[in-house]
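Here is a short report on one structure. Keep the sequence and coordinates open while reading.

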Amino acid sequence: MTFSPKTVLLILFGLFSAALAPVVISSKFQLDVLTLIFFTAYIGQSWNILGGYAGQFSFGGVMFFGTGAYTSSILLTSFGVPPIIGIFAAIFMGAFLGLIVGYLSFRSGLRGSYFALITLAFAELLRVLANSVEFTGGGVGLFLTYAPGLHNLQFNSPTGFYYFSLVLLVISLAIAMWLERSRFGAQLVAIRENEDAAEALGIDTLKCKVYAIMIMGGMGGAAGTFYAQKYLYIDPPISYSIALSVEMLLVTIVGGMGTVFGPLVGSFFLHTVNEFARHFIDTPGVSLIVYGFILILIISFLPNGLVGLFRKKRKKKDDNDA
Amino acid sequence: MFLEVLSLFPAGIINGLMFGAIYALVALGLTLIYGVLHIINFAHGAMLMLAMYMAYFLFKILNIDPYVAILIVTPAGFVFGYTIYRWGIGKLSGGRDQNILLITLGLSIILENSALVFFTGDQQTISLAYSYEAFDLGFLYLSYPKVISFVASLAICLLLWMLMTLTDLGKAIRAVAKQREGARLVGIDVEHVFAVTFGIGVACLGAAGCMLLPIFYVDPYTGNIFVIVAFTIVVLGGMGSIVGALLGGFIIGITESVGGLILGESLGQVGISLIFILILIFRPTGIFGSKV
């Protein structure tokens, strides 16, 4: 996929307005919602690399997030390593975990539902371990001290975290764009469409899939550091929550799997739905019920997600023009 | 110290067997659905949770003993399962198994959060008149509910086995599982058999829910605890194998209870996820499963 001048302009415009948003938006709450939208889009994109492009659905994507969160937080609390260095350790640990999980499961030929379930089991295993061992703080969790500063990746205003999430988001979009244009990305898509055929064509499918899960792991690791520095507390149920595993696949599937902007679109859409649902019925669980229905409807009737809807319309329009 | 733990082993094993029988029942529903429809029902845990709530309200409002409620909740489970497959999952699934996994994931999110909205997140437990009575085995007190659950679970497994081997319906189900096109050709209504199988799978949960209630708690997320356990049993016993599910249930029940004795309650849970991962990696067809 090459980018037309129109697309490039659109992207530049988007970046520009995103960068200026804090100037226009004075409400801390709205800025926080935007931060959350970007963060979810970012972590959704990490799922998208393996799930959307390579077609390997994971139900335990949260394991990289949790491992990253623990890595940088333990480095900070026990060894005094500042999170700006810790985040790279988190990325490394996330990718390393991806290597282990990916190699073990893909080497034994796990596909489809089996792969989804084994990732869920890995996440559960890590949650129980984090709960039982000493150096993670066990069930009590880890408290981080509030000390704003770039070296701590902590900021004294929501604007700082907003830009932090924007940087993460832009990096994730750049990775997805690179995938769309690179040979590696094409190999992943080939694996998604027909793994046996891809193998027959000489693609080292094991290696490609392991690389993909390592990218996912690295991205998840950084997300963990972001979360820990923003909320200053982590414990095993937060760090390895099934809910986050579900959220990252949800925004991607709703937005459009295997597309650059799918996770962002899905994240915007679902957070808007969430705010609306909260506005009308403020009972916990209601928006999740709506999410469940949206997931089922999208899977059944709109397999390419909301982005696919937009594309279909545009294609129809192009056909009419011609 | 070591000897002390060792002396607890027989009690641990028997406790594990008791829980294992109920686990087996939960896994039986899952393995049956997988064996015939080749789909993984991720909403299995959420459906179990619903069954437990139904038994709970039958007890609280109508004062029906959970073991009697089996006669109500099990058929209700069948109707629920039949309906939701015939006019829901079956219609919406477009073939790929990951899609069904995601649809049933969506279903479980809906069921769990509906329970949260309507029944609140509080943990509910019930206590029966005979909850605290127990058989004295010398080295161990076995509470009545546990023993009743154990026997009833085994009886239901036996009934299911008889249904599958001795009746025409069972024959039809096995035919569809082996060769769905062939079954269609000889006049079996395959869609109906699919829905019936799904219904039977959920009916197992109805029974399991009633038997779990007196010895466990229920809240909207109870099902999650059993999902991984059930999947582990199913892959351990081999997808689609009834005997495998039963033995797998016992193995997991004992592992959990003995593992808890040795490693402590919290770390003992590691055993289940670990078994699941190891089996999938080294022997994905399970111990009793034939080649997929």
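The sections below cover a helix pair, the chain contact, the nonpolar core and some loop residues.

## Helix pair in chain A

This is a predicted model. Two packed helices are described by the angle between their axes and the distance between the axes. In chain A, take helix α2, residues 28–53, and helix α6, residues 158–181. Their axes come within 9 Å and cross at roughly 25°. An angle under 35 degrees counts as roughly parallel, and α2(A) and α6(A) are therefore roughly parallel to each other.

The crossing of α2(A) past α6(A) is left-handed. Sorted by class, the contact of α2(A) with α6(A) holds 16 nonpolar residues, seven polar and two charged.

## Where the chains touch

Chain A gives 35 residues to the contact, and chain B gives 30 residues. On the side of chain B that touches chain A, the elements giving two or more residues are α4 (97–119), α9 (222–237), α11 (265–268) and α12 (270–282) of chain B. Helix α4(B) supplies the largest share of that side, 14 residues.

What is the class make-up of the side of chain B that touches chain A? That side has 20 nonpolar, nine polar and one charged residues.

## The largest nonpolar core

In soluble globular proteins, nonpolar side chains tend to be buried together. Here the largest nonpolar core has 191 residues. B:Ala24, B:Leu25 and B:Ala55 touch the most other members. Helix α1 of chain B, residues 2–37, gives the most to this core, with 16 residues.

B:Leu25 has several contacts beyond its neighbours within four places in sequence. They are B:Ser153, B:Ile156, B:Cys157, B:Cys204, B:Ala207 and B:Ala208.

## Two buried loop residues

B:Pro220 sits in the loop between α8 (190–212) and α9 of chain B. Is B:Pro220 buried or exposed? A residue is buried if 20 or more other C-beta atoms lie within 10 Å of its own. B:Pro220 has 24 C-beta neighbours inside 10 Å, so B:Pro220 counts as buried. Leaving out residues up to four places away in sequence, B:Pro220 touches B:Met49, B:Glu112, B:Ala115, B:Leu116, B:Phe119 and B:Gly121. B:Leu160 is 60 residues from B:Pro220 in sequence, and the C-alpha to C-alpha separation is 28 Å.

In chain A, A:Gly60 is in the loop between α2 and α3 (62–79). A:Gly60 counts as buried because it has 24 C-beta neighbours inside 10 Å. Its contacts, not counting residues up to four places away in sequence, are A:Thr119, A:Leu120, A:Phe122, A:Ala123 and A:Ser245. A:Gly60 and A:Pro158 are 98 residues apart in sequence. In space they are 29 Å apart, C-alpha to C-alpha.

## Positive phi in two leucines

Most residues other than glycine have a negative phi, and most peptide bonds are trans. A:Leu153 has a positive phi, near 55°. A:Leu153 lies in the loop between β1 (142–143) and α6 of chain A. With 22 other C-beta atoms within 10 Å, A:Leu153 is buried.

A:Leu232 is not a glycine, yet its phi is positive at about 60°. A:Leu232 lies in the loop between α9 (205–231) and β2 (233–234) of chain A. How is A:Leu232 placed, buried or partly exposed? A:Leu232 has 15 other C-beta atoms within 10 Å, so A:Leu232 is partly exposed.

Methods: Residues are numbered from 1 along each chain as its sequence is written. Chains are lettered from A and ligands numbered from 1 in the order in which they are written. This is a predicted model: local features need pLDDT of at least 70, side-chain atom pairs count only at pLDDT 80 or more; totals for chains, interfaces and linings use all residues. Axes are lines fitted to C-alpha atoms, for helices over the stretch in contact, and angles run from 0 to 180 degrees between N-to-C directions. Helices (H or I, at least four residues) and strands (E, at least two) are DSSP runs, numbered from the N terminus. Angles under 35 degrees count as roughly parallel, over 145 as roughly antiparallel, 65 to 115 as roughly perpendicular and the rest as oblique. A crossing is left-handed if the near helix is turned anticlockwise from the far one by less than a right angle, and right-handed if clockwise. Ala, Val, Leu, Ile, Met, Phe, Trp, Tyr, Cys and Pro count as nonpolar, Asp, Glu, Lys and Arg as charged, and the others, Gly among them, as polar. Two residues are in contact if their C-beta atoms, placed from the backbone, lie within 7 Å. A nonpolar core is a set of buried Ala, Val, Leu, Ile, Met, Phe, Trp, Tyr and Cys residues joined through C-beta atoms within 7 Å. A residue is buried if 20 or more other C-beta atoms lie within 10 Å of its own, exposed if 12 or fewer, and partly exposed in between; C-beta atoms are placed from the backbone.
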